[in-house]
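This report describes selected helix contacts, aromatic pairs and backbone features of one structure. The sequence and coordinates are shown first.

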2 protein chains.
Amino acid sequence: MFSPLIEDLIRALRCLPGVGPKSAQRMAMYLLEKDRDAAGLLASSLQQAVEKVGRCTRCRTLTEQDVCALCNNSRRDHTMLCVVETPADVLAIEQAGNYHGLYFVLHGHLSPIDGVGPADIGLDLLGERLSENGEEHGGAAIRELIIATNPTVEGEATAQFIAERARAKGVAVSRIAHGVPIGGELEYIDGGTLAHAFNSRTVL
Amino acid sequence: MFSPLIEDLIRALRCLPGVGPKSAQRMAMYLLEKDRDAAGLLASSLQQAVEKVGRCTRCRTLTEQDVCALCNNSRRDHTMLCVVETPADVLAIEQAGNYHGLYFVLHGHLSPIDGVGPADIGLDLLGERLSENGEEHGGAAIRELIIATNPTVEGEATAQFIAERARAKGVAVSRIAHGVPIGGELEYIDGGTLAHAFNSRTVL
């Protein structure tokens, strides 16, 4: 019904997560009718980001710099390393605000059935980081590895795999706690989480 | 928290209607981590559309062609013209499938308080269309003008304004019916619509 270029734009907008045909059409109309400046800016931001954003050579998070701002920050605790699955997890932990160490981003989890092995999630680079004595980067060697992969089957398997390798290098390994969320009501918590919360109960 | 280019991208994505900070972040992460090809394609589609899409010289709908496919279609009824507020309204009516005439897109409605006058919504062009005898465009002259502006205060005022001008040119003018939607339940219809449905009742 629309002209070819508009149809192309609507189709391209549908690649965004959570955007169906109706939203894509609404977005295209909005951009073309009301806000062409924003559309041009979005086009150039996308182009720039696609061309220039790569991974931090230290922690593999998304950045256009060689080493990201967190890894370069000398005021953070360079003896602690938190392993997460995605860059968004880094943001979530930073917003919680009580962790001041460094991160390591896997960009996924081990999944042999999909052909995702240790090299694909950067475990060779993680191995190197754990072996460093820290002098060449002006920090201390890593003393504790905190594993914050998701509490899914694959996330747990990945956590176990990384924990074994880290222990073999003499690094202390911990896993973030799982259980009933603070402010959550027991009534609405799923059975798996409740069972885990009972099994992992701590002495008062 | 993210690097500057990623922050720019997240900010640019927030210009899309219905996209807040959390969705924009999720979209940026998705595009950069999972689907860079789609991101590149979206960037170029946006660029192309912003540069090339203009308005049809006959009906003012959005198109990159000089005259849009609907206005160029000789199998449509060139004696009927339906006035709508936006290109999305054209799509909605086309999807209903029982109107086979042409359209005229206002891109808004009269709104003196916002400085939107007759010229801003293309009423001079509409006037010319209504005065044409139709020979120079290979069609017939327009015999009926169907006004399908939104049933809002501004839409109604615009409809009245256009209707007066069209009647002065000897063109028959009609307004699409407003009332209880087909399949709607009276219980859930707002009072304004119900009052209108009673006032506009038809003889059975």
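In this predicted model, helix H1 (residues 4-13) of chain A and helix H3 (residues 36-52) of chain B have axes that come within 9 Å and cross at roughly 150°. H1(A) is therefore roughly antiparallel to H3(B), and the crossing is left-handed. The model is predicted, and local features need pLDDT of at least 70, side-chain atom pairs count only at pLDDT 80 or more, and totals for chains, interfaces and linings use all residues. Residues are numbered from 1 along each chain as its sequence is written, chains are lettered from A and ligands numbered from 1 in the order in which they are written, and side-chain values use heavy atoms, with hydrogens and water left out.

Helices (H or I, at least four residues) and strands (E, at least two) are DSSP runs numbered from the N terminus. Axes are lines fitted to C-alpha atoms, for helices over the stretch in contact, with angles from 0 to 180 degrees between N-to-C directions. Angles under 35 degrees count as roughly parallel, over 145 as roughly antiparallel, 65 to 115 as roughly perpendicular and the rest as oblique. A crossing is left-handed if the near helix is turned anticlockwise from the far one by less than a right angle, and right-handed if clockwise.

On the H1(A) side, A:Leu5, A:Asp8, A:Leu9, A:Ala12 and A:Leu13 meet residues of H3(B), among them B:Leu41, B:Leu42 and B:Lys52; contact means heavy atoms within 4.5 Å.

H1(A) also packs against helix H2 (residues 21-33) of chain A, at about 125° and with the axes 8 Å apart. This angle makes H1(A) oblique to H2(A), and the crossing is right-handed. From H1(A), A:Ile6, A:Leu9, A:Ile10 and A:Leu13 take part, meeting H2(A) residues including A:Pro21, A:Met27 and A:Leu32.

Over all chains there are two aromatic pairs, where rings of Phe, Tyr and Trp (its six-membered ring) pair with centres within 6.5 Å, and planes under 30 degrees apart count as stacked, over 60 as edge-to-face and the rest as tilted.

| Pair | Centre distance | Plane angle | Class |
|---|---|---|---|
| A:Tyr99 and A:Tyr103 | 5.3 Å | 70° | edge-to-face |
| B:Tyr99 and B:Tyr103 | 5.3 Å | 70° | edge-to-face |

A:Tyr99 and A:Tyr103 are both buried, as are B:Tyr99 and B:Tyr103; buried means under 20% relative accessible area, exposed over 50% and partly exposed in between (1.4 Å probe, protein chains only).

A:Arg60, in the loop between strand E1 (54-55) and strand E2 (62-63) of chain A, has a positive phi near 65°. A:Arg60 is buried, with a relative accessible area of 10%.
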